[in-house]
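Biologist: Could you take me through this model, one topic at a time?
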Amino acid sequence: MRKTELFLILSILPLLAGCWDERLLKNSRTVYISGFDLDENGDYQTTSIIRDMNISESSRGEISISNDLVTGKGGSIKEASMTIDQSVPGYYDPAKGRTLILGIDVAKGDIYNVLDSLYRDPRVDLNAKIAVTDNSANEIITHISENEVEKGEYLYELIHSSEMYSKMQEITLRSIRTYLFDEGKDFMLPYLSKDEEDNEVKINGAALFHDHSFTGQFLSPDESTLLLLFMEAQSKKALLTEQLDKKADGSVSYNVKSVSRKLKLEKEEKVHADIMLQLDVEIVDYPPNHLDKQEMINFLENRLSEILTEKADALFKKLAANQSDILGLGRELIAFHPSIWKEIKGENYYEHILVNPKVKVNVRSSGIIL
Amino acid sequence: MRLKRNKSKKSLIDQANLSIENIKSQLNHTSDLKDREIHSNNQIYIILYINSLVDQEKLESKIIKPLIKMENNNILNELYSQEISTAKSNKIAINGLLDGYCLLIKKGRNSEGFLLKTNASTDREVSEPIVEKTILGAKVGFVESLDKNIFLLRTVTKSPDFTVKKYTLGSSTTTNVSLIYLDHLTDPEIIKKVEQRIKSITLDSIRSAGDIQDCIEDHTVTPFPQLLLTERSDRASANLKDGRVALIIDGSPTVIILPATFMTFFQTPDDYITRWWLGSFFRFIRLFSYIIALILPALYIAFVSFHYEAIPLELVYSLQSSLSYVPFQPFIELMIMQLSLELLREASIRLPPSIAATFGIVGGLVVGTAMVEAGIVSYGGLIVVALTSVSSFVQPNLEMSSSIRILGFPLMLLAATFGFFGIVIGVLCVLIHLSRLTSFGVPYFSPFVPLNIKDFKDTIIRVPSWMMYKYSKNSPHYKQEKRSRKWKLDESEEPY
Amino acid sequence: MRVKSRISSVNLFFLLVHTMIGVGLLSLPHQTHDAAGSDGWISILISGFFIQLIVLLIWLLCRNFPNLTLFDFSKVILGETFGNVLNFIYIIYMLTVICYVFIIYADTLKRWILPETPVWIIFLIGFFLLIYGCICNIKDIVSLFSFLFIFILFLFFITFLVYGYSYIDVRYLFPIGSSGGWNILKSTSDSMISFIGLETLLIYFAFIKQSKTISALKGVFLAVLFVTIFLTYIVILSTVMLSPEEIKITPEPVLYILSAIEIRILSRLDLIFLSFWGLIVFTTIISYSFSASMGISKLIRIKHKFAVILSGTFVLIVSIIFYYMEITLLEKWLKHLSLIFGIIIPILLLLITIIFKREAASTYEKN
């Protein structure tokens, strides 16, 4: 027994000579942001900001960190990153990239073509955020690399905070694949654009997707918040402001505390989806009046319900026009009404669905004053 | 030549007849062997003793004086020695002399002698042991005298079941060893095993507790100690009360406690003095620090050279910036650090305490920072090594903490080769090994292996003492009454 | 050749759970989805129920031969020659299972964490661990397994972290039964393979105290129940987290799901899962090779130690050959083989025992 143990230990030792999979941290050039574009020839262009280190010769080998912009072209995303790898000291490592930007040309095509190579690598950070830009990704990233303030995690934090305020759907590299491979669900991505006046990158709204590609339309942040409420997918904060009257000072801001949705699907000529949404809200800003009387509360509730129902109508018309089933009605049909689904299934099933939204607002609280 | 002489001596020892000449020649006419003739009451007595081992005062007042004044020839009644035994053979007589007895022989009747206890004791003051410090608790440590150690144990373990068994070990120089246990608590199987193993020791001489440990432990090819060595009498006594056996070696303040399981090494007397949740917390910290010390360097290597995508981005950046000018692989880097730390550790043991403090600062702080500044190691590596060594110092037992060092290097090597997978392989090997170890038949890694949740209450956590109403599986004979907090029931009252 | 060590019913629970939960865990949701769509979990439940019945049958068979393993009582039932033939086939089957586990394990490791490491290195490490883990008696194995059970629970708890993320869509489970009853039933034969490990019961029953009483079965029933629940949970989790089309292209859904989970200090939870899973797989290997080596040592009368080395060497060579020749037949075969060896042969043996009234007593004089 003892001899065997010793034998085993000794014979394992020579195995330890090679370190096949070693990838030293000090040699890697980690990526902050990557962007993907499609040029006229059908080649993909990858643009990345990498973190590079320069050991200065002078004071005690101190290290200065610089962010470098690198680009590479290739017939596929992988080939493009290989081109980058050859131009970078150390090795180009896109695994830690936290933000991915899709140029408009890429987004209008099948976006899975771009993402495929990422899914095949076990080391890729699947929590990366994805955004679409109204221009080429290269331009946005070039802009970011030049602007000192927006380096690094800026874009990630931007998208993250808009998710926190229920302005955007929470989508990561991981969850986007679920949508891409789901016949009954679509999604929306943050729609970035460069604001020429302020010279900074902003989120303009939510880009609507149908199947694997961008429809070209996008929702305003308010619309997307409403849509998220309909999906019961809002974050902890969902702040909305409505103009009660045409008068300038008649606005109210409220925070949606909780949502309950009733969904009824019926097959008539078309598939009718009656959605009844109950919102429990907290009034956070309402200068014109006070909520000390029940009538006032009732008025506010009715008025808000009216406005929101109207807005929801418009919203769903917009979705219908783009056939973007972000609400996941198709999945709802598959799961609970398979017979209806069988009749309408196909790529453009959303044509057959007519959404009839209704919103009911309940004021539950108004802060520490009435 | 020498062998021959030994042989002839051996035959002399075995000779049945007690003869002063024989004894003298067997002891090589050593010059501290003295004899004295005393004429008393028409009889000639010869007292034989080894000068250096005998308490002169005792000999004079307790033996010689009464012997001279003796009126009848009844030695057993007249002498003041506390222990008198008869010695009928040379062997017994010599052993007695070497233990500090004096041999009293009536001239003319060579066949019989008396052994009278006159040994000098060189007891030092009982003091707190340096190695096993505690915050609270008894400041009593064992000393070098066997009898005194038994005395120390008995005073805190008063029980009629306190049993002492004496053995004389060693074939050329002898050492007395005492086996101590509480009869009603200890598994007779274990006692039987211990006795058997002690009896089978045929070493020439016993140098220290380590010699006995080598001979009686179950497994020798293992970094894990299976016997607990302690210098604290309260620790030994607590272990006796848990149904373990203590082995005291004459001339050594180190007492062997057995059987010791893995968790035994994480208990300290402190745990039982502080309140139970505090004791449990500290014990948990110790266990945690053991694991940290074992795998932290390996984890560092795995993360930095294999899976850096698994650590948070901010950490990656800060590690990367200090790593980038280190010319070595993380494994080599850590090895350099570990080795220099071992050097520091070894060096500081030999230094007098006043210098050691300065040395620690120079060695630890100055060399550490200089190494980082010079780009030999990174800050990350430095932190890992420092944490590892601090964690290993947390261990209450020296031998257990050295097992970390022995196991740590292979784990680091595995991590440097296979990354995370290597650590898993290493840990699995350690677990398989641990699950097979036994200490005197008791599973070493209990209560984890075999899994026994009930035994957790005095191993991983320390539950309040009134809850330990049943001792662990190894001492099934004993049940503590469950009543210590019964007053709570009597005192409790309804709120209205 | 009566066995000496005794294990309890609880020990049998650990043995069986560790033998059954193993290499199939990662790809199970993918496989059941291929066979039964979103109703994979139903087919797991059904096959779990079937397995309970089969356990009962195996017990009925083994209780006729207390203290005798399959390798002993096969000779009683079939006679010396045919018994030895059956033993030989069983040994080969068990070794094949280990090869299969080796290959899948190495392949998964290669794809997820060690892409560059040569496969034979991984096999070699497996070989060493196999030998190191198996040269001992059954008590050691049991006590090791009972400790490693904590890691199975860990695997369980790691998956709880998933719920912090909002990817879950319960609708993926619906409509229940969409694949049709017949399809689900058919797919149970596929999901049976995830309960592979059952056939070691034929050996372990011999070690149990009082194998005649029904209490001996308790541990086994609980083990099968535990495995069923665990696997069902894993399948449901993957179904809920991933869309149906997505599971089809994801061979290891559980790992994929976990790799997206980020706790504060660790971004790749799949590494943790994979390493704990690695421990669990080795227990499967140890359990199988212990049984196989026992058969070998009984068949050709050599010491257990040499039998272990022999089986380890066999596994090492065969899996290297299979891996580098890219023989993928193993998986297909195994699906049928496990049915034959785990279910059909025990039933046949039981029938023969009942019809011809074979009893253990007749062999005592022989041995």
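This is a predicted model: local features need pLDDT of at least 70, side-chain atom pairs count only at pLDDT 80 or more; totals for chains, interfaces and linings use all residues.
Biologist: Which domains is chain B divided into?
Modeller: Chain B has domain 1 (10-117), domain 2 (146-260) and domain 3 (272-443), with bounds that come from an automatic or database domain assignment.
Biologist: And how far apart are the centres of domain 1 and domain 2 of chain B?
Modeller: Their C-alpha centres lie 32 Å apart.
Biologist: Switching topic, how many residues does each chain bring to the contact between chain B and chain C?
Modeller: Chain B gives 22 residues and chain C gives 25 residues, where two residues are in contact if their C-beta atoms, placed from the backbone, lie within 7 Å.
Biologist: Which helix gives the largest share on the chain B side?
Modeller: That is helix 17 (residues 420-436) of chain B, with ten residues; helices here are DSSP runs of H or I with at least four residues, and strands are E runs of at least two, numbered from the N terminus.
Biologist: How many helices and strands are there in chain B?
Modeller: Chain B contains 18 helices and twelve strands.
Biologist: What box do its C-alpha atoms fill?
Modeller: Taken along the principal axes, the C-alpha atoms of chain B fill a box of roughly 100 × 80 × 40 Å.

Conventions: Residues are numbered from 1 along each chain as its sequence is written. Chains are lettered from A and ligands numbered from 1 in the order in which they are written.
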